[in-house]
Amino acid sequence: MKTNRIAWLVLSILIAEPLAAHIGSPDVFFQGDAGPYHLVVSIRTPQMVPGVAEIQIRSSTPGVKQIKIVPLYIVGEGSKYPPPPDVLLPSKDDPQFFSGKLWLMASGSWQVRVEADGDAGSGTIAVPVPAAARSTMPMQKSLGALLAGLMVLLVAGIVSILGAARREGQLEPGQQAGPTQKRAARFVMAGALMIVAAVLAGGAFWWKTAAANLSNRMIYTAPELFVSLVPGDQMLLRIGDSKWHTRRPDTVATPLMPDHGHLMHLFLIRTPQMDRFYHLHPMPDKGGAFLDDLPPIAAGHYQVFADIVRVSGFPDTLSAQIDIPETTGKPLSGDDSTASAPPISADSQSPKEASGASAKDTGSVKDTKDAQANLISSLPDGTRMIWERAPGPLPANQLLWFKFRLEDTNGKSVANLEPYMGMAGHAEFVRSDLSVFAHVHPDGSVPMAAVQLADATLAKNAAIPASSNPPTTTEMNMPGMATGPIGPEVSFPYGFPKPGLYRIFVQVKYNGRVETGVFDAQVK
Amino acid sequence: MAQTVPFGISAPSAERTRIAAQATSIPWFVWSGIISVSSICFGLYWDISWHMTIGRDTFWTPAHLLIQFGGILAAVTCTYLIFSTTFSHDPAVQSSSVKVWGFRGPIGAFLTAWGGVTMVTSAPFDNWWHNSFGLDVEILSPPHVVLGWGILGVGIGYLVLVVSAKNRATGAVRAKLTWLFLYLAGLGLMLHMILISEYSDARFMHSAVFYRVLMLVTPLLIMGYATASEHKWGATIVASVYMAVELAGLWILPLFAAQPKLGPVYTNVTHMVPMGFPVLLIFPAFAFDLVRARLAGRNKWLLALVAGTAYLLTLILIHWTFGSFMISPLARNWFFGMIYFPYQEPASMHQLAYQFEKYEPTRAAFFQGLGLAWVFAFLSTRVGIAFGGWLLKVRR
């Protein structure tokens, strides 16, 4: 079926997943150079903001004596006055490992300034941290029972005390309460009980209302994404409103800015098999919408993920679903890429083989075997991507390094990869139920545009002349940008947020082609 | 201390006990109450300032510890009072107590103990609330209100303890106890004023909501305490204590250097930020005292109507003018405190402090609000008269 036949048949819709910056993957992983020290930073953001995040930093350069952190907004009025830094505590076992707590007192686009001091001097990096409340915590049954018990005790207590006060309180010492006092006391107790009951009922109503209002105000919801197909094999994307965003005009809801030279990174994944993958870059259209010239697309039901970054540095991953018919489209061009692979499977993650494809080619893949615990994704042009995975299970909620290398048709590691949109590589981690989607780079899980904004504030603080214009991100000035030859190994710091089956799409550029390795991972 | 006049003289047994239960010196628990309630009140003021200046990064701030100390002192005092009364063999002690669940003790001790347990109950509730909805998102949250009820229990409990000792005392001891009662009452009023501080800001002084909120409870407290004190200037003294403590906070706290510990920092704070200038309650309270003196012994509803009306009118007359002064540049100094802003407040918002907020959208709504304030003033004063009358009769 051709796209244009069903042209304005439109399917939109969207599952708004409750998480900013990626979907279901709120933790921040980042690596960078604080002056002479190479630091790897993990930040576990709190479920509710305001709340306390946990931060862990490891220096791979020896000699770090002290690490201090300062949280502040990247832009706006809250970015002007940094609070005094907190000192992280070094580990007893590993002197180059530091950990501590980080107070995030409001949702928005934060940066954590990390200052390392040591033998080789000092240096600072800025780590962007998008903070957004994810969910409220239901009351544990035991706590509920305790509070209910205390409530009964307190109600009985105050009623009894008021009764006693009426019965005996006004009697001269030594006098006994007579029937009049006792009757009056019973009357007072009945009245008090009614008043307390009314107060409790009012309190319960208020509690319910206040809790609902707070949840509504605090908990992040991604803006809706409306996706439709239009004649000419094009996809129209419109970003809806989100009150959560508009309530935070300075620290969140600012205009979009380019990340890796694109205002939007669009990912289409055919579900449920996850056997087709497209990484596209729609262009801005009138009315704030985006339009994409679709490449040839295999028919199916697709999950849509759209990554955007705002001038505040706050990222959103929008999501929707759409049925796409077989589409002729236009040949892939620019930074667009695609891959095809066998359906996601828990078996393919065992130490044997995965499969993949390359840009501008969705040919079939051929299996081979690797002696080690590595996984291999054979690409249509004869190259192979190897996941140099350590043997053993993959744990959730832990920083892991994902190392990949490309082998040419002769089985030789490729040491001259080219930057793909300014980066040595891009990796997308997607859980089989689509509840997790994370777009990660070798520098970490935060958008490079946000890193650039945070870096600009660092430069300003360091009295380095900074441009008075808002920074614009292009491939040419991205922080962490790969410049020289890349390879043979490309690695990504990331931690799976929960156990389950994941598919990983790893993208590097070689010989002018985007090579996409596809791997499956069972996370314990 | 409830004490030891010998039983020797020939009087009926009840009369002997009554005399025996008279306080001939200030009972020790009164001092405990003064320290406890002062700690809670000063701690609370300090804590609010801490939140506005530094941010709450731990439960164990000095201000929190001062509040906890007050609570613990109250709990220990009252537990001791209840147990020592329950197991006492002294008929004078036993006879000046009430019985609750088999225990004997002064009513005030039971109320204070209840307040202590309520304060403790609020802690796990508040902790869960913070985890679930964020740290200190708002002051008026359900767990904070439970804490407020607890503090109220402790405060009222001590007031009842002191007033019952006063009611049983005579002569110089009674006079001293009256002053201590008025001091505690002033702190009680301050606790309430802290609770409604959101609405007692200068920018609401030309809106009906300012008067409406102030008429809800302040006439009750001031009239109640004044009546119970039997002091000619009871109302004026209670309001003066509240104002004096808040003024001390306003003038002393900014002398201490401090800076925010938690971002985002919107205002570059360098010293402790105090709460605002207190509401000039001394004037309407003075009106209360004048009306009390003039209408002493008359119908209580009439007293409530006249006193409540005088209270509201005085407050409007004073604060309408004072409001204009407070938003003017003349008040932007350490004395009136219109120069202090919490670190969470963006500099772009500071100007709002110098503008009246039109809380009621129409003139009709404004006058409706004032009418409601008048009804509140009347009813609140009437309840205060009854409350004061009850306090006056407490003997145990």
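Mentor: In chain A, 5 strands make an open sheet in the order β1-β2-β3-β7-β6, and their pairing is antiparallel. Its edge strands are β1 and β6 (89-90) of chain A, each of which pairs on one side only. Strands here are DSSP runs of E of at least two residues, helices are runs of H or I of at least four, and both are numbered from the N terminus. Two strands pair if DSSP finds at least two bridges between them.

The model is predicted: local features need pLDDT of at least 70, side-chain atom pairs count only at pLDDT 80 or more, and totals for chains, interfaces and linings use all residues. Residues are numbered from 1 along each chain as its sequence is written, chains are lettered from A and ligands numbered from 1 in the order in which they are written, and side-chain values use heavy atoms, with hydrogens and water left out.

Inside the sheet, strand β2 (residues 37-44) and strand β3 (residues 51-59) of chain A pair in the antiparallel sense over 6 bridges. One such position is A:Ile43, which stands opposite A:Ile55 in β3(A).

A:Gly32 counts as buried because its relative accessibility is 11%; buried means under 20% relative accessible area, exposed over 50%, and partly exposed in between, with a 1.4 Å probe and protein chains only. Leaving out residues up to four places away in sequence, A:Gly32 touches A:Tyr37, A:His38, A:Leu39 and A:Ile125, where contact means heavy atoms within 4.5 Å. A:Val127 is 95 residues from A:Gly32 in sequence, yet the two are 8.8 Å apart in space, C-alpha to C-alpha.

For chain A as a whole, the secondary structure comes to 4 helices and 29 strands. Of its 524 residues, 54% count as buried. Among contacts between residues at least 6 apart in sequence, 68% join residues at least 24 apart.

Chain A has another open sheet, with 4 antiparallel strands in the order β10-β11-β16-β15. There the edge strands are β10 (225-230) and β15 (283-284) of chain A, each pairing on one side only. β10(A) is joined to strand β11 (residues 234-239) of chain A by 6 bridges in the antiparallel sense, and A:Leu229 stands opposite A:Met235 in β11(A).

Further along chain A, strand β25 (residues 426-431) pairs with β26(A) in the antiparallel sense over 4 bridges. The two form a hairpin with 5 residues between them, and A:Leu434 in the turn has a positive phi of about 65 degrees. A:Glu428 has A:His439 as its bridge partner in β26(A). In a regular strand, side chains alternate between the two faces of the sheet. Strand β26 (residues 437-440) of chain A is covered on both faces, with A:Phe437 and A:His439 buried on one side and A:Ala438 and A:Val440 buried on the other.

Chain B supplies the helix packing. Helix α8 (residues 208-229) and helix α12 (residues 363-393) of chain B pack at an angle of about 15 degrees, with their axes 7 Å apart. Axes are lines fitted to C-alpha atoms, for helices over the stretch in contact, and angles run from 0 to 180 degrees between N-to-C directions. α8(B) is therefore roughly parallel to α12(B); angles under 35 degrees count as roughly parallel, over 145 as roughly antiparallel, 65 to 115 as roughly perpendicular and the rest as oblique. α8(B) passes α12(B) in a right-handed crossing; a crossing is right-handed if the near helix is turned clockwise from the far one by less than a right angle, and left-handed if anticlockwise.

The axes of α8(B) and helix α11 (residues 300-327) of chain B come within 11 Å and cross at roughly 130 degrees, which makes α8(B) oblique to α11(B). That crossing is right-handed. Residues making the contact include B:Leu214 and B:Ile222 of α8(B) and B:Leu315 and B:Trp320 of α11(B).

Helix α2 (residues 28-53) and helix α6 (residues 142-168) of chain B pack at about 150 degrees with axes 10 Å apart, and are therefore roughly antiparallel to each other. Their crossing is left-handed.

Finally, the largest nonpolar core has 126 residues, of which B:Leu214, B:Tyr225 and B:Leu281 touch the most other members. A second, separate core of 45 residues includes A:Ile57, A:Leu147, A:Met218 and A:Met423. Such a core is a set of buried Ala, Val, Leu, Ile, Met, Phe, Trp, Tyr and Cys residues joined through side-chain atoms within 4.5 Å.
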